[in-house]
Amino acid sequence: MSTNGHHFGANGNGGRAANDRSPAPKRVVIVGGGIAGQSLCERLRERDSDVQVTLVCAEPHLPYDRVHLSDLLSDEEPSGPLGELQLRPDEWYDDNGVEVLVDTKVERIDLPGHELELSNGDTVAYDKLALAIGSQPLMPPIPGIELEGVYAYRGPTDTAAIRAAAAEATHAAVIGGGLLGLEAARGVQAQGCPVTVVHLMDRLMERQLDAGAASMLLPAMEELDMEVSLERQTEEILADDDGHVRGLRFSDGEELAADLVAVSIGIRPEKELAEHAGIDCNRGIIVDDRLCTSEPDVVALGECAEHRGVVYGIVAPIYEHAKVAADTLLERDGDEYRGSLPWAKLKVAEVDLVSIGDVEGDGGATSALAERREYRKIAMRDGRMVGAILLGDTRGTEALLEAVRSGERVDDPLARLAEAAEAGPEELPDEAQVCDCNGVCKGDIVRAVTEDGMSSKQEVMSVTRAGTGCGSCKPLVADIVAIAGGSDEPAYLCPCRKQTREFVAEQIMSNGHDAVSEVSEACGTGRECGLCKPALAYLVSQINDNRHREERSARHINDRVHANIQNDGTFSVVPRMRGGVTNSDQLRRIADAADKYDVGMIKVTGGQRIDLLGVKKDDLPAIWEDIGMPSGHAYGKAVRQVKSCVGTDFCRFGLGDSIKLGVELEGEWEGLHTPAKVKSGVSGCPRNCAEATVKDIGVVAIEGGWQVYVGGAAGGSVRKGDVIATVETAEESKRVATAFLQYYREHASFKERTYDFVPRVGLEELQEQVLDEDNQATLLERFRLAKTAAAARDPWLERRDPYHERQFTDLDSIQLPQAGGNGANGHGDEPGDSESVAEERELELVGPPPEGER
Amino acid sequence: MTETISIEGVRVCAAEDVPLGEGRTVIVAGRPLAVFRTDDGFFALDNTCTHMGGPLADGIVADETVACPLHDRRFELATGRAVGHECGGVAAYPVEGRDGEIFVTMPLLEGAASDESRLATGAAEVEPAEVTPTDGESPAGNTG
Ligand SMILES: Cc1cc2nc3c(=O)[nH]c(=O)nc-3n(C[C@H](O)[C@H](O)[C@H](O)COP(=O)(O)OP(=O)(O)OC[C@H]3O[C@@H](n4cnc5c(N)ncnc54)[C@H](O)[C@@H]3O)c2cc1C
Ligand code: HEM
Ligand code: SF4
Ligand code: SF4
Ligand code: FES
C-alpha cells in the first residue's frame with residue numbers, strides 16, 4: 001500500500017487477506033476535482049458507503065462549479081476566490097468519508113504497481129482509478145500569446161485576473177465568438193470595459209447555430225454595445241514597450257487596439273498523464289461504453305474522455321458519465337453509456353438562446369420574427385427530429401429536448417414547433433428530463449409526490465435531487481410538484497407535521513380549541529415553519545363561527561394591519577365601494593387623503609374600486625380616519641367586491657337590476673373571511689359586462705330570471721363558471737349564491753380558489769348540497785352566525801381601538817454616536833455606554849424621521 | 001476591513017412594545033433591525049430579507065424561524081441562518097432583557113463588503129466584523 005498518511009478511515013493497511021475473497025474494490029482514487037470528479041464521488045457514495053474514496057485535486061480549491069464562472073465576473077463583489085461556486089461545503093467531504101487532497105497533482109501513474117505519484121512526493125495506492133482531469137483552454141500558437149494582459153478563460157484565477165484587468169483597461173478584445181467567448185465579453189463589459197469580440201468564422205456560435213439564427217444573434221449582441229468583428233484571423237498579439245498587450249494584428253494587416261485580451265477558442269482535453277502511462281488516447285482518453293479505458297482498472301470521464309470519437313465540452317454528459325463510471329468502478333451491472341445529446345444555453349442574461357443537437361439536419365421548419373429577434377427552428381433528418389434552435393423565445397425547451405433525445409418522428413414540423421411553445425409542464429411526457437444535472441425526469445418528480453407523499457418542492461428536491469445541481473430547473477420542478485399535488489393526494493394544511501385540514505378540524509372541534517396557539521400547543525401545527533398559521537387561523541375562526549380568540553401573530557401582515565403589503569414594504573388601501581358604486585363625497589375624501597398622505601399612486605382596480613398605493617404602515621390609521629369608509633378587504637382571503645354593470649337602471653339592454661343586486665350581495669357578504677379570495681359579479685343581461693361568468697360567484701340576469709355561476713376565474717387561470725342554478729327572482733339567486741359561499745367556506749382547503757374547488761367537488765354534489773332545501777337552510781343559518789360575529793366590526797375601526805399599542809407602528813429609531821470616526825468611540829463596555837446611546841435616541845425622537853426608513 | 005466599533009447593549013424598546021409572536025422594526029444607526037418576541041424570549045436580526053429586501057419584522061414567526069412576508073423565505077431567529085433557500089442568511093444580534101427593557105448588541109463594520117455569503121454560514125454571532133452598515137436601500141439580492 002502507500003506510504004502517505006492521508007488515508008481516510010482506520011483500516012487502510014489491514015485486510016489484504018479478506019480482499020482475496022471479496023471482489024469489491026477497496027479503494028478508488030479519483031484524479032481531478034472538477035464537476036466530473038465531484039459527481040463521481042457522489043455517485044460512488046450513493047452506491048457504496050464502505051469503499052474508500054480519495055479525490056486528488058490539482059487546483060488549490062475544493063470542487064467548484066465551472067459552468068457559472070462568469071458569476072465571478074459579473075457579480076457585484078464575489079466573496080472569496082470562488083464566490084458561491086463551491087459545489088459542496090467543506091463538511092461534506094468529512095460527512096461522506098471522502099478524502100480530498102487539494103493543491104496536489106498526480107505526476108505519474110504506475111499501472112502495474114497500482115500506484116500514483118503525487119506532486120508532494122507521496123504515493124497513493126489504488127484498486128480502481130478514475131481520470132477526471134478535464135481539459136485545458138486552447139491557446140493559438142501566435143506571437144504574443146504569452147504577453148501580460150492576455151488571459152485564458154477557464155478557472156477562478158483567470159477570471160479574477162480578467163476582472164481586475166477589465167476594471168482598468170480602456171478596451172478589451174475577446175478572441176472567440178462561441179458560447180464562452182460571448183459570455184466572457186459580457187463579463188468584461190460588466191466591469192465597465194468596452195469590448196470587441198473577434199471571431200474567425202463568418203458567424204457567431206457556428207457550432208450551435210445555423211446561419212439564420214446567427215444573423216439574428218449578431219444584432220442582439222450589438223444592441224448590448226458589444227462590437228463583433230467576424231472573419232478575423234488574429235496573426236499576432238502586439239506588445240507595448242513594457243511587454244504588456246496593446247492590440248491585435250489580423251491576417252489582413254488591420255489592427256485593433258486592446259489592452260486586455262481574453263482567449264476562448266476551444267478546449268484541449270487533458271490526456272498526457274494517461275498517455276505517458278500507456279493508456280490509449282486519441283483527442284482525449286479513449287473509453288468504451290462502460291467508460292473503461294484500455295486499462296481494465298482505469299476509467300475516464302468528463303471533458304478528458306473521448307467516447308465513440310466524441311469529446312464533450314459541456315456539463316450535461318458528465319452526470320451520465322458519473323453514473324456509468326461509478327457502476328464500472330464498483331463492478332456492478334448498470335446501463336451502458338451510448339453518448340449524449342449536445343445542447344447548450346447561452347448564459348447572457350439579456351439574450352435567451354438554446355441550441356439542441358444537430359441544428360442543420362436535412363430539413364425541418366423555422367419560424368422567425370426578425371423584428372422581435374425571435375428564431376425558432378426544428379431540424380429534421382429522415383423524418384425524425386434531430387435538433388432545435390430557440391432564440392428569443394425558449395418556451396418548450398424541455399419538450400424539444402425530450403423529442404430530440406427520443407428521435408421523435410414528426411410529420412408537420414411547423415405545427416410541432418407551435419405545439420412545443422404551448423407545452424406547459426402538464427404536456428411534458430413523463431420521460432422528459434427536467435433536471436439535467438442529476439438526470440431526473442418529470443415522472444420521477446410526479447412519483448415522489450403521488451407515491452412517496454412528498455408535498456413541498458423542498459422535500460421533492462431533497463429526495464429526487466432535481467434542482468440541486470445548478471438550480472436552473474427549480475421553477476419547472478415547482479410547477480410539476482404543484483401539478484402533481486393537484487391530484488387527490490392529501491394536501492397538507494401543515495406540511496411540516498403532515499397534518500391535513502380534516503385532521504386539524506377534527507382536533508379543533510373535539511377539543512373545543514378557540515385559538516391558534518392552543519392548537520399549536522396541542523398538535524404542533526404551525527410551530528415549525530409557521531407558514532400554515534394563517535390557514536390555521538382561518539380554520540379556527542370558521543369552525544368557531546368567528547367567535548374565536550383572535551391572535552394576530554398567526555395572521556399574515558396584511559391581516560394584522562388590514563392593508564396589502566407591497567414589494568417595497570409600503571401598503572395599499574382599498575376602501576369598500578359596494579357594487580362599484582361611489583359618490584362625489586367619497587371621491588373628494590379619497591382625493592384629499594391621497595394628497596395629504598402623499599400616496600404614490602391612485603389606481604382604479606379591476607374590481608371597480610379605488611386603490612391608494614404606497615401608504616406607510618404608520619399612516620394607515622390616519623388615512624382610514626380621513627377617508628371614513630370601511631375596509632374593502634382587498635388584502636385578505638375574504639370576500640372582495642361584487643362588481644356590477646349598470647343593468648336596468650341605465651342600460652338599454654338591461655334585463656335585471658344588477659346594481660341593486662350587486663350592492664346588496666356585497667353588503668351581505670362583506671367582512672367574511674374565506675379560504676381564498678372570493679371575487680364576484682352581477683351582470684344585467686347575458687352581454688355580461690360585469691364579467692360575472694368568470695367570477696368565483698357570478699349572477700347574470702336572463703329573460704325571466706337569473707343564472708348563478710360558480711367556480712369561474714379570469715386570473716392566473718381562466719375558467720368559465722358552472723351554472724349551479726337558474727332561478728326566477730333576485731332573492732332566490734342571493735340564497736343560492738350565499739349558500740354556495742358558505743359551503744365553500746366550510747369545505748375548501750386554505751388557498752383553494754373556487755375554480756379548483758368546484759371541479760374537485762363536482763357540480764352535481766354542489767347542487768345537492770346547496771340547492772336542497774334543508775341543506776340550504778342550515779348553510780344559510782351558519783352563514784348568518786358567522787356573519788353576525790364578523791360584521792360586528794369593520795377592521796379599519798381598529799384605528800381607534802388597536803389590538804396592541806404598536807399595531808401600526810414600529811419601534812423608535814436610534815441614532816448612535818458617529819460610527820468609526822475615532823476607534824475608541826462607543827467601543828467600551830462600561831454601562832455608561834448604553835445610556836449615552838439612549839440620550840441620542842431622545843434627541844432623535846424630536847428630530848425628523850431618519851433616512852432609510854421605508 | 002478597517003475599524004470596527006461594537007455597540008454593546010443598545011436599548012431598543014420595552015418588552016411590551018413588541019406583541020408576543022410578532023416582530024417590529026427598529027432602526028439603529030441607520031440600520032434596520034427586526035426585533036422579535038416569542039415564548040422563548042427576544043431575538044434580533046437584520047430586517048432586510050436577502051431575497052428581495054422584504055421586511056422580516058412583518059413576517060410570520062414560528063417556534064424558531066421567521067418567514068418573510070413577501071415570498072416566505074425563512075430565517076432562523078437565533079442565528080439568521082437561511083432555512084430551505086439559497087438567498088443567504090441575515091445577521092443575528094445578541095439580545096438581552098433587563099427589568100423589562102430590551103437591549104441589543106450590534107457590532108458595526110466600517111467600509112462596505114459583500115457579506116451575504118459569509119453570513120450564510122451563520123457566523124454572525126461569532127464574527128462581528130462581518131456585519132456591514134447599509135444605506136437603507138435593499139441589497140441586490142442577486143443570488144439565484
Ligand atoms: C467559463 C466557462 C463557462 C462554461 N459554461 C458552460 C455552460 O453554460 N454549459 C455547459 O454545459 N458547459 C459549460 N462549460 C463547460 C463545463 O464547465 C465543463 O464541461 C466542465 O466543467 C468540465 O468538467 P470536468 O470535471 O470534466 O473538467 P474540469 O472542470 O476541467 O476538471 C478537471 C480538474 O482536474 C484537475 N486535474 C487535471 N490534471 C490533474 C492531475 N494530473 N492531478 C490532479 N488533478 C488534475 C484540474 O486541475 C481540474 O480541476 C463552461 C466552461 C467554462 C470554462
Ligand atoms: C453544474 C451544474 C449546473 C448547470 C448545468 C447550470 C446551468 C445553468 C444554466 C443553463 C443557467 C441559465 C438558466 C436560465 O437562463 O434560465 C443557470 C443559471 C443560474 N445558475 Fe446554474 N448551473 C449549474 C450549477 C449552479 C450552481 C452550483 C449554482 C449556485 C451556486 C448556480 C446558480 C445559478 C444562478 C444564480 C443562475 C442565474 C444566473 C442569471 O440569472 O444570470 N448554478 N445555470
Ligand atoms: S351586461 Fe347587459 S345590462 Fe349589463 S351593462 Fe352590459 S348590456 Fe347592459
Ligand atoms: S397580475 Fe401579477 S403583477 Fe399584476 S397585480 Fe396581479 S399579481 Fe401583481
Ligand atoms: S423579499 Fe423576502 S422572500 Fe422575497
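Predicted model: local features only at pLDDT ≥ 70, side-chain atom pairs only at ≥ 80, totals over all residues.
Local features are given only where pLDDT is at least 70 and side-chain atom pairs only at pLDDT 80 or more, while totals for chains, interfaces and linings use all residues; side-chain values rest on heavy atoms, with hydrogens and water left out. Residues are numbered from 1 along each chain as its sequence is written, and chains are lettered from A and ligands numbered from 1 in the order in which they are written.

Ligand 1 is surrounded by 30 residues, the closest being Glu59(A), Arg66(A), Arg154(A), Glu303(A) and Lys347(A), where a residue belongs to the surroundings if one of its heavy atoms lies within 4 Å. By class, this shell consists of 15 nonpolar, 8 polar and 7 charged residues; Ala, Val, Leu, Ile, Met, Phe, Trp, Tyr, Cys and Pro are taken as nonpolar, Asp, Glu, Lys and Arg as charged, and the others, Gly among them, as polar. Oxygen atoms of ligand 1 lie 2.5 Å from a side-chain N or O atom of Glu59(A), 2.6 Å from a polar side-chain atom of Lys347(A) and 3.2 Å from a backbone N or O atom of Ile35(A). The protein covers 94% of the 1,000 Å² of accessible area that ligand 1 has on its own, as computed by the Shrake-Rupley method with a 1.4 Å probe.

At ligand 2, the iron atom has His68(A) as its only protein donor, through NE2 at 2.0 Å; donors are N, O and S atoms within 2.8 Å of the metal (3.2 Å for Na, K and Ca), and the site may look incomplete, as water is not among the atoms. His68(A) sits in the loop between β2 (52-56) and α3 (70-74) of chain A, with helices (H or I, at least four residues) and strands (E, at least two) taken as DSSP runs numbered from the N terminus.

Around ligand 3, the shell includes Cys645(A), Cys651(A), Cys685(A) and Cys689(A), and it divides into 5 nonpolar, 4 polar and 1 charged residues.

Helix α13 (residues 457-464) of chain A has Val460(A), Met461(A) and Thr464(A) buried, that is, under 20% relative accessible area (1.4 Å probe, protein chains only). These residues lie on the same side of α13(A), because they cover an arc of only 100 degrees around the axis, taken from the directions from the helix axis to the C-beta atoms. Just after α13(A), Arg465(A) adopts a positive phi of about 75 degrees.

Chain B contains 1 helix and 11 strands, and buried residues make up 60% of its 144 residues.

Methods: Polar contact = N/O pair within 3.5 Å; in protein donor to acceptor, adjacent residues only side chain to side chain. Buried < 20%, exposed > 50% of the residue type's maximum accessible area, 1.4 Å probe, protein only.
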